[in-house]
Amino acid sequence: MSLRRILTVDADMAVLKQVSEPVAVVDDDLRRLMDDMLETMYAAPGIGLAAIQIGVAKRVIVMDLAGKGQPPAPRYFVNPEILWSSEETGPWEEGCLSVPDIYDDVERPIHVRLRYLDYHGAVVEEEAEELYAVCIQHEMDHLNGVLFIDHLSRLKRERAVSKVKKAARAEA
Ligand code: NI
């Protein structure tokens, strides 16, 4: 396994805006990618990561929603699809490893039903609520080149990107 660089909106916006391609087969190469993604996500640390965030335009997501002090519970999603979304929506404060240190409320369906392939390529269908629903929708947005700040007003989005740019310059 190896740590990969997480792309951020200050320098890598064009890549983050790409639409990712479906995966043809879940094989050892793909599992290596998912292992790297999980390691990179844990090191960040974060709770979800899409492949495009390390520059790989494939429809792959990793996630771990275990709370502090709980054992790790990695989840892997290949070619995820939303089959159904609730009409009811709710706000949730979101952040993103590609938009460091920016947090804001995003309104999304509070309950979804999804289908995906797991780490071994098996088809899974399940319901997601609360944090899981928020996180899978946030990560699936990445597969379509959409960032959580794209759900905010233009003013807030521009302010977020300029804050990240400023912080990156200060670090350089
Ligand atoms: Ni994100």
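Contact here means heavy atoms within 4.5 Å. Welcome to a predicted model, in which local features need pLDDT of at least 70 and side-chain atom pairs count only at pLDDT 80 or more, while totals for chains, interfaces and linings use all residues. Residues are numbered from 1 along each chain as its sequence is written, and side-chain values use heavy atoms, leaving out hydrogens and water.

View 1. Not counting residues up to four places away in sequence, methionine 37 touches Leu49, Ala50, Ala51, Ile54, Val60, Ile61 and Val62. A nonpolar core is a set of buried Ala, Val, Leu, Ile, Met, Phe, Trp, Tyr and Cys residues joined through side-chain atoms within 4.5 Å; buried means under 20% relative accessible area, exposed over 50%, and partly exposed in between (1.4 Å probe, protein chains only). The largest such core has 18 residues, and Leu30, Leu33, Met34, Met37, Leu49, Val60 and Val62 have the most contacts inside it. At least two residues of this core come from each of helix H2 (28–43), strand S2 (60–64) and strand S3 (74–85); helices (H or I, at least four residues) and strands (E, at least two) are DSSP runs, numbered from the N terminus. H2 gives the largest share, 6 residues. Another core, of 17 residues, lies apart from it and includes Met63, Phe77, Ala128 and Cys135.

View 2. Look for Cys96 (SG), His138 (NE2) and His142 (NE2), which coordinate the nickel ion at 2.1 to 2.2 Å. Donors are N, O and S atoms within 2.8 Å of the metal (3.2 Å for Na, K and Ca); water is not among the atoms, so sites may look incomplete. Along the chain, the donors follow the spacing C-x41-H-x3-H. Helix H3 (residues 130–143) holds both histidine 138 and histidine 142, 4 residues apart, or about one turn of the helix. Both histidines are buried.

**View 3. Arginine 108 in strand S5.** You will find arginine 108 in strand S5 (residues 99–109). With a relative accessible area of 6%, arginine 108 is buried. Leaving aside neighbours within four places in sequence, its contacts include Glu88, Glu94, Gln137, His138 and Asp141.

**View 4. Arginine 4 before helix H1.** Arginine 4 sits in the segment before helix H1 (13–16). Its relative accessibility is 31%, so arginine 4 counts as partly exposed. The side chains of arginine 4 and aspartate 36 are joined by a polar contact of 2.9 Å; such a contact is a pair of N or O atoms within 3.5 Å, where, within protein, one must be able to donate a hydrogen and the other to accept it, and residues adjacent in sequence count only if both atoms are side-chain atoms.
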